[in-house]
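Please look at the sequence and the structure before reading on.

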Amino acid sequence: MKIRSSFCLVPVAVLLASCGGTRPPAPAPDPSAAATAQALRQFDQMKFGMFIHWGLYAIPAGEWKGKYVRGIGEWIMFREKIPVAEYEQLARRFNPVKFSGDEWAQLAADAGMKYMVITSKHHDGFAMFKSQASKYNIVDATPFARDPMKDLSAACAKRGVGFGFYYSQDQDWHEAGGRGNTWDFPEQRDPRPYLEGKVFPQVKEILGNYGTLALIWFDTPGMLSEQQVDELRGMVKSLQPSCLINSRIGHNRHDYVQTGDNAIPIQVYTKEGKWEVPATLNDTWGYKKNDRNWKDPRDLIGKLADIVSKGGNYLLNVGPTAEGVIPEGSRKILRIMGEWLKVNGESIYGTSPSPFYLPDITWRATVKPGKLYLHILNWPGTKLRFEGLESQVNKAYFLANGAAVPFRQNGAVLEFELPARPVDPYDTVLALEIAGTEPKVSAACRAGQLPGRLDLYAWVARLRGEEIRYDWATQSATRFRRFEQESNALWWYPYKSLDGEYEVEITYACPDRAAGSRFRLASERRGAPPESVLEDLVEPTGGKFVTRKLTGKLVVTPQTDHISFDLPGDDRSAPMQLRKITLIR
Ligand code: FHN
């Protein structure tokens, strides 16, 4: 017979009190709490940072033994199952003679990036700094024989750019105790010797030898136990109490949250504190010589406004070459972003998120006391109708040229008269001076509302795969293809904002000759079977955009990690253009 005990349902404190026992002691106050809170406030103001993935993988640069290797460049050792003894040889050839810490830090500063995070050790296990804990480091194992992190941290400090280190704590393909390398180390790992012999000492080194760190960026938490993570956190905070810790340390021991890579929440997201989107400029983090799939600066500036309006920071990656050069493709984009920020920075840095629900992709909003900034991402023509602001607007003007913008206000409806074309080709910011400090927003338009119809635009999705593209002219994603086990896909991230059951419409175009593939829309939890799936055929539309209702319902739960769209069967419909998926309650 099964006996159901209610013991585990009763909180321990209540149980002890009811049995006349003593309460467990209150947790000791965290001595780093004040420093952490202050650092978080600063981090929240910064909004935009530079991520750098730099390591031995920049030598093969996406090619192994003459063969192109799909996927992100820094994973080449794993993808090709390169034995440690062979991969290690790359160190003998690593000589980044063109590296200049000053140039890199200046590039970040000119791009308007307020902080920098660089890989001190990625999953390949190679330390890009001088380490006493492992000879497998840039000073002891390469002809370069210098510690570039010294120059870089000093160059950042000189320019007031916050400096932080990425450190892969759990995956380490160079060590038997590190997770990931099953080709050299097939037996079950015991992480203790690796943690004690490499991770803990190296984390101490990066915290001790490079001045004040703005943050430490752990990654892929994997198999570390709660106790091991506590030890790691304790070590960081005892050495540098103000050093922020990201959520990829694991077990919720973080100071701020990471979204998935290139994953932007679909709506304003402030419930779980400060967050950051790590993102690529092309389709890789570590340098790949053939990846010139640079994102459009319009897309990136729009994404910066989008992320900041939702409450996040944007950490945008560059992957330097093995010589120490940041590719010109990324420099060019960063220069454009920096120029835009010089003019429009007041609408980004130090702002608060949008108080509005974000209905489509025409605009995004950011706020400062007495000011509301409307980032016009899709030019609506000569009129912009904006609903939901109850505060009186005293003045409206473009940040790009200071020109006043005529408007009429009728209750909570504003109508702006715009020039026929955008004033700024990337994101025209319309600044509104409003009565009072905080904007007053009509109840129906507030952030956090869940309207009857909710559009998931292709622009807001993460584009998965090297081939897929977003086209601003048609406002759609196209070039879906299938590769071996996976196919290109769009992923949207609800971040617990969408729970419910929905009817679904799809808005797309497809040339007649290409129609006929099956498409698949699913709500998914990572690492588990899909929660719900809708499948249908891509019907011909004569190349015109049409909206079709699908059969069945899509279920989204608080556990849903993402909603995905792909063409899993074949790539006949690759030219299909997907504009949006509409969820109807
Ligand atoms: O596996 C890594 C990947 O190589 C890269 O470093 C990204 C950056 O966020 N983090 C991991 C995957 O999420």
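How many nonpolar, polar and charged residues are in the lining of the largest cavity? By class, that lining has nine nonpolar, one polar and three charged residues. The model is a predicted one, and it holds two cavities of 30 Å³ or more.

**The largest cavity**

- The volume of the largest cavity is about 100 Å³.
- Its lining is made up of 13 residues, and those nearest the centre are I266, Q267, L358, D455 and Y457.
- Strand β18, which covers residues 453-457, gives the most to this lining, with four residues.

**The second largest cavity**

- The second largest cavity has a volume of about 40 Å³.
- Among the residues that line it are W54, G55, L56 and Y57, and also T119, S120, K121 and H122.
- D124, F126 and M128 line the second largest cavity too.
- Sorted by class, the lining of the second largest cavity has five nonpolar, four polar and two charged residues.

- R579 is in strand β31, which covers residues 577-584.
- R579 counts as partly exposed because its relative accessibility is 23%, and partly exposed is the range between under 20% (buried) and over 50% (exposed).
- Apart from neighbours within four places in sequence, R579 is in contact with L456, Y457, A458, T474, Q475, S476, T507, Y508 and F545.
- One of these contacts, Y457, is also among the residues nearest the centre of the largest cavity.
- K368 is 211 residues from R579 along the chain, and their C-alpha atoms are separated by 33 Å.

Key: Residues are numbered from 1 along each chain as its sequence is written. This is a predicted model: local features need pLDDT of at least 70, side-chain atom pairs count only at pLDDT 80 or more; totals for chains, interfaces and linings use all residues. Side-chain values use heavy atoms; hydrogens and water are left out. Helices (H or I, at least four residues) and strands (E, at least two) are DSSP runs, numbered from the N terminus. Buried means under 20% relative accessible area, exposed over 50%, partly exposed in between (1.4 Å probe, protein chains only). Contact means heavy atoms within 4.5 Å. On a 1 Å grid over the protein atoms alone, a cavity is a set of points where a 1.4 Å probe fits but cannot get out, and a pocket is an open set with protein on both sides within 12 Å along at least five of seven lines; lining residues have an atom within 4 Å of a point. Grid points are joined across faces, edges and corners, and a volume is the space filled by probe spheres set on the points. Ala, Val, Leu, Ile, Met, Phe, Trp, Tyr, Cys and Pro count as nonpolar, Asp, Glu, Lys and Arg as charged, and the others, Gly among them, as polar.
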